[in-house]
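Visitor: I am new to reading protein structures, and I would like to learn how to go through one feature by feature. Could you take me through an example?

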Amino acid sequence: MSVFEKISPISGEKLGEFEVSTPAQVNEAVARARAAFAPWRDRSLQERFEVLERMRQIIDRRGEEFARRISEDTGKALLDALMTEILVVPLFIDHYRRNAAKILKKESVWPGMLFPGKKAHIEYFPMGVVGVIAPWNFPFQLAMVPVLSAIIGGNTVVLKPSEVTPLTGELIRELCAEAEVPPGVIEVVQGDGSTGAALVDAEVDMIFFTGSVNTGRKVMAAASKKPIPVELELGGKDAMIVCADANLKRAAKGAMWGALVNGGQMCTSVERLFVVESIYEEFIQLLRAEMEAIVVGDDEDADMGAITFAPQLKTIETHLQEAKKDGAKIVCGGRRIDRPGIFFEPTLVTGVTPEMLLYREETFGPVLPVIKVADEDEALRLANAHQYGLTGSVWTADLDKGRRLASQMECGQVSINDLVQSVGNPKLPFGGVKSSGFGRYHGDQGLLTFMHTKSVMIASGRASTEAVWFPYHGKHKAMTRLFHSVLGGQWVGVGKAFLDLLRTPKR
Ligand code: NAD
């Protein structure tokens, strides 16, 4: 039996040991989820929501306790846990309770000129057993939202939480038990990458993966052998563009929150701040003043908590050392804080260039790299010339300009004079382009992601044949007329061609 340790990011002490689920245990969990699938699928939407409603009530009642436990697991500030991890989940339940029936309902479509007398509709059916593989940075939200989205549609799920945050994995297990989720509908398997790989290899029907690009590639390669659908929610390198006409005070406060919320350990963290040169010096002073006011710690008023685990600290330090060596300037911060656990100073870096690791790769820490640009066009060009395309923002008083720049940004989500918060809006689809992955969840698409689409066309069945079926003998002229009439949108010609086809004498 292999185990992994959980070390507290706040105290540095060992909090426990967890068993790595073996491939055999993963297969057993998948088998339980498979057995639960048909009965769960056959429940009405309303019956499924009764289970979700019980979860919602528990979250409502125990939300603050959950936030404390997630904060202990991740080191994140208590209010980050409450607002960005917990609150989002009941909001999604509420949104889908109101809209799921409409999103998942059969949709009638007009079959078109070529199919007279027929009916057609599109319907959706669940994929089966979905494997959800979650990261450590939002271990509750990024597990629960895909899990609940999948089960609303009638799927069952095997969830593999991150080995970095097993306490939240246990919390989810506890929540499911207390909410009396039927056995097998949500299975949780704890473990490391080997457990995740075993889940992809098991008899699952889809994988929803959130994590790094490197692991995403492995997941996709393994899934391609079957093949099964995968959705990949990968890394980001958010580009924030500050125009000369922006409300600079708001933009500075926004940049601070966007870069430091959750200790900067977010796929949507501002990691490239483009500032036009005419306001550059003034804006740097504003940023510096805002950053120096950030309170780091583990009490309930802290703005920013700990770095969740040691390898993340190494990445942050390496990026900063390399950037400094290549000419970047640390305006404030830049060091680990001398106290137990892993706390790092909020860090403002200027003189950042596209060649630096700090610019090319995800830093995933409380570091705000600033790039001076001549104008918005240069900012846009740089923002788009990057491997990642998850989120971005534009800051300007001219909303038309903001909309134009937002439309030109190559990413899945863009905000104008705002940032990050759109992720928490259950109505808006979320996902990336380029190396940030593909597929969307949240919003209407967030349910359909876990469904197969089925197209149905219906003929009354009264006629003994169809005009366009065999035999083709003698139909060439009428069929050619039909071809041209359909393409020309000529109703009368289509009708005449069909009549001629039906009247074609038998051989
Ligand atoms: P990671 O890729 O190291 O791990 C993610 C999950 O994959 C973990 O549960 C891990 O155990 C599992 N895993 C590892 N190897 C595996 C394998 N071979 N097969 C299957 N599963 C395997 O990522 P992480 O460090 O946990 O998370 C941080 C990354 O996630 C960052 O890149 C961040 O940007 C990204 N992220 C993306 C989003 C998004 O919505 N796009 C959200 C949050 C985090």
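This is a predicted model: local features need pLDDT of at least 70, side-chain atom pairs count only at pLDDT 80 or more; totals for chains, interfaces and linings use all residues.

Visitor: How much area do domain 1 and domain 2 bury between them?

Guide: An interface can be described by its area and by the residues that contribute to it. Domain 1 and domain 2 bury about 1,500 Å² between them, with 62% of it on carbon and sulfur atoms. On the domain 1 side, the residues that lose the most area to domain 2 are Asp80, Trp136 and Asn137, which together make up 30% of what that side buries.

Visitor: In what order do the seven strands of the open sheet lie?

Guide: When reading a sheet, follow the order of the strands across it, and then ask about their pairing. The seven strands lie in the order 12-13-14-11-10-16-17, and the pairing is mixed. Strand 12 (329–332) and strand 17 (413–416) are the edge strands, each pairing on one side only, and neighbouring strands of this sheet are turned by 25° against each other on average, direction ignored. As one example of pairing, strand 13 (residues 347–350) and strand 14 (residues 367–373) run in the parallel sense over three bridges, with Thr347 opposite Val367 in strand 14. Helix 13 (residues 376–384) packs on the sheet, where it touches strand 10 (238–242), strand 11 (270–276) and strand 14, and its direction makes about 160° with that of strand 11.

Visitor: Which residues have the most contacts inside the largest nonpolar core?

Guide: For a core, look at its members and at the parts of the chain they come from. The largest nonpolar core has 118 residues, and those with the most contacts inside it are Phe140, Leu273, Phe274, Leu287 and Leu368. This core draws at least three residues from each of domain 1 and domain 2. Among the residues that Phe274 touches are Ala239, Tyr359, Ile371 and Leu382. A second, separate core of 24 residues includes Val30, Ile133, Val219 and Tyr388.

Visitor: Why does Lys401 count as buried?

Guide: For a single residue, compare its relative accessible area with the cut-off, which is under 20% for buried. Lys401 counts as buried because its relative accessible area is 15%. Lys401 lies in helix 14 (residues 399–408) and touches Cys243, Asp245, Glu376 and Thr396, not counting residues up to four places away in sequence.

Visitor: Is Thr210 buried or exposed?

Guide: Thr210, found in strand 8 (residues 206–210), is buried, because its relative accessibility is 10%. Leaving aside neighbours within four places in sequence, Thr210 is in contact with Ile133, Ala134, Pro135, Leu142 and Glu233.

Definitions and conventions: Residues are numbered from 1 along each chain as its sequence is written. Side-chain values use heavy atoms; hydrogens and water are left out. Helices (H or I, at least four residues) and strands (E, at least two) are DSSP runs, numbered from the N terminus. Buried means under 20% relative accessible area, exposed over 50%, partly exposed in between (1.4 Å probe, protein chains only). Contact means heavy atoms within 4.5 Å. Two strands pair if DSSP finds at least two bridges between them. Axes are lines fitted to C-alpha atoms, for helices over the stretch in contact, and angles run from 0 to 180 degrees between N-to-C directions. A nonpolar core is a set of buried Ala, Val, Leu, Ile, Met, Phe, Trp, Tyr and Cys residues joined through side-chain atoms within 4.5 Å. Domain bounds come from an automatic or database domain assignment. Buried area is the accessible area (1.4 Å probe) that two parts lose on being put together, summed over both.
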